[in-house]
Amino acid sequence: MASVVPRKNAAGEVTSYQVKWRDGGSRTGDWQNERFEDEDSAKVFKDSVDEHGQNWPPGWVKGKGYIDPESDDELRYRFDQFARASIDNRTAGDYYKRQRIRNLEMYIFPTFQNCDIRSAEHFSKATIGAWINKMRATKVRRGGGKPKDMSSGTLRGLHGLLSSVLKEAMVAEPPLRDRNPCDLTRLPKDDEHGVEDDSGDEMEFMTPTEVAGLVSCFPRASDRMLVRTAYGTGLRWGELTALATKHVRNTGPDSYEVRVTRAWKRQTPSVFYLGAPKSPASRRTVEITAGLWRELQDYGLADQGMDELVFRGQDGERIKYGTFWERWNRAVKKAKKEGLLPHWKFPTFHDLRHSHVAALLSDGHSLTYVQRRLGHESIQTTSDRYGHLLESAHKAALVTLDRVLDVRLESDPAVKAVAELVRLPQQKQGEQVHAVHVGTHVLGFWDADDAAAVAEQWELDRGETALVEAVSAAWWQRAVAGGRDTVRSHVPARVQAWSVGPACYEPDGTERVASPETHEPRRGWVWEWEDAYTTEAAVRHTEHRPQGHTEASAWGLQRDAVLAAYAAARTEALRVCALNPWTRTATEDGQESVA
């Protein structure tokens with residue numbers, strides 16, 4: 001029930017009375033309040049709130065009181081009335097308007113519904129800031145996953161919607177407000193949700209192996225082809241499902257592309273039509289690999305009419321996302337059950353687009369290339385979303401896509417069905433390389449069990465995750481120095497060795513170490529591909545660096561021998577320092593010169 005709370009000043013004198021209640025009477029409802037000068041008026045209003053089920057009495061405007069429903073003079077300034085009229089008068093489609101009204105009702109009206117659009121008290125930097133903090137704590141269920149904190153992107157959209165309504169009040173004739181308090185508030189950044197890893201991130205990146213595993217869990221061949229094409233092109237759902245045969249083209253020898261000229265648009269919740277893509281930049285040409293082209297041809301594209309949809313429902317028309325979404329969720333659930341997808345990932349179909357970008361940027365392709373491929377209007381959009389994945393470019397983009405699309409799970413019957421469907425040549429024994437990413441190294445193995453054993457042992461030794469993915473031997477030959485000769489047929493050796501150092505010496509012989517523990521021997525497992533691997537009792541190492549300093553370290557299988565080698569290495573380092581050509585002397589003007 002509502003309650004009446006006396007409000008006192010610093011002297012303890014009652015200055016007003018506030019009626020407080022939770023919206024709708026639920027324990028989780030938003031707190032509502034109204035202020036009165038006298039207690040009797042507050043009690044009358046409290047009774048009215050109780051009578052209407054802990055809701056605002058009909059016709060009441062916060063701070064104004066009851067307004068005659070037949071009078072537009074005051075009621076039209078109540079925020080919910082003004083906002084609805086604002087959306088209704090916008091030059092946009094019906095679906096856009098319904099979505100905006102839905103967002104208002106779900107997230108904005110519970111706080112501001114009965115406020116006066118003209119009030120500087122109701123809409124101020126403080127009240128907007130309080131609403132932002134409330135939204136940050138709001139849980140949103142995404143797909144079939146667990147509820148998560150509202151993402152910063154969603155909050156920016158809601159903040160923009162509220163701001164647009166207040167801005168309309170500013171430019172009304174006559175103006176209803178002097179300024180827009182939304183311009184005075186600071187929105188949180190993407191990393192301000194705390195330390196919980198899954199606290200609202202809208203993007204779920206999948207590795208090539210995870211995508212391959214997910215594909216294998218779709219029983220329908222058409223769904224498997226749809227998912228692989230989405231991953232191989234980065235197209236949005238509306239663009240991909242609007243493709244006709246004529247849009248998938250072979251433009252020359254070893255040149256294949258998809259032309260994006262249209263997308264499905266929603267007119268009403270159940271009525272769709274083919275219209276222009278999302279933006280002018282979305283009208284684009286996307287190159288595809290020869291392998292994906294052959295898959296699409298064998299899938300049935302070669303026998304279709306030029307105007308037929310590449311991906312369509314059983315009736316030959318548009319695929320309904322709602323029914324596909326059910327099949328997607330079942331495939332995700334199955335992939336997790338079979339260990340093909342981490343239990344903490346909750347990917348949506350759109351995450352195939354994000355994963356497509358991750359595959360490109362992780363191999364060093366530029367943001368500009370990715371921007372054009374995705375159809376982003378501004379490179380800032382690409383940078384804001386994916387900039388953290390960027391490394392320097394060093395390989396051709398189509399080689400990357402050829403590799404990630406060539407990842408398959410040999411043991412899964414569903415994948416064998418895909419291969420049979422698209423009539424791909426059978427892989428011969430040893431033609432699949434199992435790549436293990438350990439630290440900064442990538443190791444190739446012919447045997448999947450060897451790769452899994454190394455990854456598992458690495459995680460036990462170092463506490464770091466080792467990624468295992470299957471790639472074609474042809475790709476390994478092209479992309480890795482040494483090619484097939486570097487692929488291992490056995491599990492590499494490892495030893496438990498001692499190591500100490502490095503100690504670093506400046507040109508004048510001054511010793512610098514990261515910590516006192518640097519001089520203490522440490523024991524741990526070392527693999528044969530690592531620099532510190534040895535089968536000897538001790539190895540000493542002294543190295544002069546181009547920057548002018550000299551490092552000393554030692555490692556080996558016997559602790560005492562390693563300590564003795566370390567002492568010898570430090571002595572050698574000091575001797576090198578005495579001969580160091582980088583010794584510097586200061587000149588009169590404060591600059592350094594080589595002596």
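Guide: D254 sits in the loop between strand 8 (248–252) and strand 9 (255–260); strands here are DSSP runs of E, at least two residues, and helices are runs of H or I, at least four residues, both numbered from the N terminus. This is a predicted model, where local features need pLDDT of at least 70, side-chain atom pairs count only at pLDDT 80 or more, and totals for chains, interfaces and linings use all residues. Residues are numbered from 1 along each chain as its sequence is written, and side-chain values use heavy atoms, leaving out hydrogens and water.

Visitor: What is the phi of D254?

Guide: The general idea: most residues other than glycine have a negative phi, and most peptide bonds are trans. D254 has a positive phi, near 55 degrees.

Visitor: Is D254 buried or exposed?

Guide: Exposed, with a relative accessible area of 69%. The cut-offs are under 20% for buried and over 50% for exposed, with partly exposed in between (1.4 Å probe, protein chains only).

Visitor: Which loop holds Q54?

Guide: The one between helix 1 (39–51) and strand 4 (60–61). Q54 is not a glycine, yet its phi is positive, about 60 degrees. Q54 counts as buried, at 9% relative accessibility.

Visitor: Where is there a cis peptide bond?

Guide: One joins E173 and P174, with omega about -5 degrees. P174 lies in the loop between helix 6 (152–170) and helix 7 (208–216). Another cis bond runs from G501 to P502, omega near 5 degrees, and P502 belongs to strand 16 (residues 494–505).
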